[in-house]
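Hi,

Here is the structure I said I would pass on.

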Amino acid sequence: MARLNHSTLRRLQNLPQIPSVWEGDRRPMATDTNPSIDADSEAPGECIIWVDGSQGMVRAMDMVPTDMGPEAIVRTLLRAMEHPQSPAPVARPQKIVVKDREIQFFLRGVLQDLEIVIEYVPDLPLIDEIFRGLQEVAESRPPQLPLQYAEIVTEKAYQIWKDAPWERLGEHQIISIELNLFGIDTLYISTLGKLGMDYGVLMYRSLDSLKRFRERVVKNKSYDNLEEAFLTQDCLFVTFDREDDLDEDEDEDDFINLASLPLSEIQPNFGNLHPLEGLRSILYDEEAAVVLVALEALHRFLRDNTQKLVRYQFPSLNRRYRIPINLPDGEKKQVSVKVETLPDIADELAAMTSDDESEEEELEVEVPRLRDDLVPPKSFLSLGVVPWETAKYLRSNTQFHQAAEGEIPEIGDGLPVVVIQTSKPKAELLIRSLQEAGGLEGICFNPGEDPMAGRNYDLGILKTEDGDLHLFGEFIEDDPVHQEARKKWEQRCKKTKGWCGLIIAMGLTGASRGQPQFKDMMALLEVRSIPSQELGLGPLQLIPAPF
């Protein structure tokens with residue numbers, strides 16, 4: 001049994017002892033019932049509570065995992081003595097009562113030097129009353145989706161995830177859904193996910209709300225009032241997050257692209273935004289019915305126009321559908337909807353971001369695709385150099401070699417390279433993906449920033465021959481290790497007249513992790529180092545999703 005150390009004991013013994021009786025217990029807390037969540041998911045945990053029965057006040061409360069040992073109840077008790085959460089004096093009680101024999105014996109052993117009487121009682125009326133109140137609050141809280149719509153709306157959300165409309169639509173390319181249901185004439189759909197960061201579907205209840213929000217975001221260069229701008233939106237939304245907690249070997253700051261995860265790890269979330277109501281992560285009956293119709297209509301429209309909505313092409317299209325739905329009052333209804341692309345609105349929204357737009361001329365811009373589904377997650381990335389002799393060896397001794405279009409001057413200490421090291425199956429998949437894209441055109445580093453976190457990044461980008469841009473790394477700009485590596489990269493690329501290389505290697509978890517040997521190197525692609533100005537992206541800013 002763990003015991004308090006001497007310094008802690010002396011500190012607690014110096015606390016004034018008051019003639020009061022404290023009650024303590026730990027109990028499981030029930031949570032909302034949601035049919036869309038796996039019944040086998042882990043329980044939320046247990047609540048530990050310590051109350052002063054004489055004063056009728058809570059002194060400390062904690063939520064802990066169910067498998068946490070009895071030490072947890074002692075930690076909460078010590079906090080109740082030294083740092084009570086209620087306006088109560090720092091003190092130790094004269095007596096403690098509990099209704100669990102195991103807890104009683106454990107506390108007797110730990111607190112034996114503090115002159116506290118610890119007794120067993122069959123009932124704890126004050127704690128019973130507090131837990132009844134907590135349980136009533138938990139049970140009265142509405143679920144994220146109404147029970148009658150939870151399963152089918154969640155199913156339609158996963159259908160949209162599989163459709164991946166962000167792979168075909170830019171955020172400014174708006175689709176209208178005319179449905180005339182529960183006072184909503186038309187929803188205006190905007191998708192999130194083109195940059196591989198936030199994924200979702202925003203369903204604006206008015207075109208004015210959409211335009212005002214986008215205009216405020218574009219004009220608000222400092223991002224000081226970005227949260228206020230988000231709260232002015234009038235929309236329903238479904239967004240997608242990772243269902244499971246972080247793996248043990250992941251850091252909170254690690255960027256994980258949801259598109260690279262299996263469907264079982266994706267969780268849809270639903271909610272409402274309104275200028276007067278703010279953010280609400282709950283949909284009520286009528287809202288859930290509207291979202292159900294909108295998601296089904298969007299799914300059918302994407303399915304029927306697979307060949308026309310490609311590579312961000314946005315022609316004028318429209319379709320009509322009849323969608324069956326059970327209304328909240330139990331009535332079954334066929335909702336007639338019209339789904340239509342809005343190319344003029346897309347041009348208007350795109351023009352908001354143009355510095356040199358003109359009312360007299362129409363600006364046609366091909367939106368480049370910046371994706372993050374090419375390089376496998378958790379790959380080991382490094383910038384370095386391979387000696388010229390090594391480069392010659394790899395040209396004829398790798399599974400795949402993409403030769404330079406011209407002669408590379410062998411000047412300096414070698415060929416500057418980006419090394420991507422992953423597992424063998426993933427390395428083979430990466431090579432095939434590059435081949436299917438027509439090969440690699442070049443490697444670029446482009447500035448990026450996260451204004452909300454105050455961080456600047458050096459974004460590593462691969463440009464494939466099909467015109468797509470692929471994010472392969474986010475490097476913190478002021479990291480001295482990366483700064484030195486980038487400085488040497490630029491110096492070496494100058495000597496080679498802009499030529500560099502990409503090495504794809506296996507052996508991510510073996511002894512050669514971070515230092516792949518010849519046998520680990522599976523591909524060498526010799527390409528140009530592309531200046532960021534040539535891509536024309538400018539500094540890329542992470543704009544958080546409005547939820």
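**Helices α5 and α8**

Let's start with a helix pair: the axes of α5 (residues 147–163) and α8 (residues 285–304) approach within 9 Å and cross at roughly 30 degrees. Angles under 35 degrees count as roughly parallel, so α5 is roughly parallel to α8. The axes are lines fitted to C-alpha atoms over the stretch in contact, with angles running from 0 to 180 degrees between N-to-C directions. Helices here are DSSP runs (H or I, at least four residues), numbered from the N terminus.

The α5/α8 crossing is left-handed, that is, the near helix is turned anticlockwise from the far one by less than a right angle. By class, the contact residues divide into twelve nonpolar, three polar and four charged; Ala, Val, Leu, Ile, Met, Phe, Trp, Tyr, Cys and Pro count as nonpolar, Asp, Glu, Lys and Arg as charged, and the others, Gly among them, as polar.

Before going on: this is a predicted model, where local features need pLDDT of at least 70 and side-chain atom pairs count only at pLDDT 80 or more, while totals for chains, interfaces and linings use all residues. Residues are numbered from 1 along each chain as its sequence is written, and side-chain values use heavy atoms, with hydrogens and water left out.

**Salt bridges**

The count comes to 27 salt bridges, each being a side-chain nitrogen of Lys or Arg within 4 Å of a carboxyl oxygen of Asp or Glu. One of them joins Glu 296 and Lys 156, with the closest N and O atoms 2.8 Å apart. Glu 296 lies in α8 and Lys 156 in α5, so this pair ties together parts that are 140 residues apart in sequence. Both Glu 296 and Lys 156 are buried (under 20% relative accessible area; exposed is over 50%, partly exposed in between, with a 1.4 Å probe and protein chains only).

Arg 27 and Asp 25 also meet in a salt bridge, at 2.7 Å from N to O, and both are buried. Asp 373 pairs with Arg 371 at 2.5 Å; Asp 373 is partly exposed, at 31%. Glu 167, Arg 371, Asp 373 and Asp 468 form a salt-bridge network.

**Leu 430**

Leu 430 sits in helix α11 (residues 424–436) and is buried at 1% relative accessibility. Its C-alpha is 6.6 Å from that of Val 375, 55 residues away along the chain.

Cheers

Notes:
Helix = DSSP H or I, 4+ residues; strand = E, 2+ residues; numbered from the N terminus. Parallel < 35°, antiparallel > 145°, perpendicular 65-115°, else oblique.
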